[in-house]
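Colleague: I am new to this one. Could you take me through it, a step at a time?

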Amino acid sequence: MGLTGFRENILKLRAEQAKSIPSRVFFNHFFSIIYCIDCNEEKYDLKKVPFYNGIKIKNEKFNIEEVRKLLWNSWSTEYAYRIGEKIDNNDYYKFSLHWNFPQAYYSVYLSMTAFHETQGIANEQHEKSIKLFGNSVKDKHYPSAISFYTSGLKDEFEYSGLPNFKGFPKDHSVLSKIECLEDAELQLATFLKTTRKKNAEDKRSRLQKQNHRDFRNAKGEFRKSFKKEHWDIIFKTIPITSVFNLLYRLRIKANYRDIESFVNADIDFKSFHSSLGQLIYYLNFIHEAYIVKAIGIAEYEKVLKAFPNHLNEETALKRFEENIKPLE
């Protein structure tokens, strides 16, 4: 091989490695979420969450049938996500990503909406539902294991629910190995930071299409350069950034172009699938437990037992027997 061919191969290798970096970063970020949850000794002890103890039906037009449909859809979607574990094939994990990402998001979204149905706040607007979740996190309605979030204006982000996070060190790498809780919270803070920035950039793009009057220059055109004062107008309209924003960001990545970068990445696809599955499991546990608290264990059991057992014996049924019943 000549020198030119060698250089071309090196450049090609670097290009492939660069393409895989976003995927490796995402893997690290989601692993950090599970690490933080696993380290929390009170993650299943919802009785220590004052909000949980006071939950009751607040929907004056409550219909158990609506909750049943939402929960069954959530459980069916979670089952579909977990099929890969039975196949246990790395290529399957890799090429199933384009539907796994939406499955992860929708399973959790549906169970949360089922709980919102008991409270009379359910709606079909995803951004509004995510905002409701974020406000509930801020108001300490959720266990500390997932009550992390960021808020604030440009270059003034504040991070909550990450007690070991002390700021971003100069030598920090988003590809660093997670070896302790401090490492995990640093990765998680990075995930929240980049997601909040991405939300602001996406909103700017939408405003640009509208040629929004707040951002026009002297010529009446949408300004090309944004100063902090302009970004702050946008950030003031963005709710706090929580774990649901992270899941929603993953759902959006299910388009073909982004999935290609994941498929070609050098990551442990099985571990990534497992980490995401654990997050689904935990978030669904919380909302199912909240629903039980609202409607009563007898009504919930009717909904649970009417669903095909072989589809949720490792998920909803297991959560109910091992984690929810002991709370009653």
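Predicted model: local features only at pLDDT ≥ 70, side-chain atom pairs only at ≥ 80, totals over all residues.

Colleague: How are α3 and α11 oriented, roughly parallel or roughly antiparallel?

Modeller: Helix α3 covers residues 64-87. Its axis and that of α11 lie 11 Å apart, at an angle of about 160°. Angles over 145 degrees count as roughly antiparallel. Therefore α3 is, relative to α11, roughly antiparallel.

Colleague: Now the cavities. How much space lies in the largest cavity?

Modeller: The count is one cavity of 30 Å³ or more. Among its lining residues are Tyr81, Tyr93, Asn100 and Phe269. The space inside is about 30 Å³.

Colleague: Which helix gives the most to the lining of the largest cavity?

Modeller: Two helices each supply at least two lining residues: α5 (97-119) and α11 (269-295). Phe272, His273 and Leu276 are in the lining, and these three also belong to the α11 side of the contact with α3. With four residues, the top contributor is α11.

Colleague: How many charged residues are in that lining?

Modeller: Seven of the lining residues are nonpolar. Two are polar. The number of charged ones: no charged residues.

Conventions. Residues numbered from 1 in each chain as written. Heavy atoms only, no water. 1 Å grid on protein atoms, 1.4 Å probe; cavity = no way out; pocket = protein on both sides within 12 Å on 5 of 7 lines; lining within 4 Å. Points joined across faces, edges and corners; volume = space filled by probe spheres on them. Nonpolar A, V, L, I, M, F, W, Y, C, P; charged D, E, K, R; others polar. Axes fitted to C-alpha atoms, helices over the stretch in contact; angles between N-to-C directions. Parallel < 35°, antiparallel > 145°, perpendicular 65-115°, else oblique. Contact = heavy atoms within 4.5 Å.
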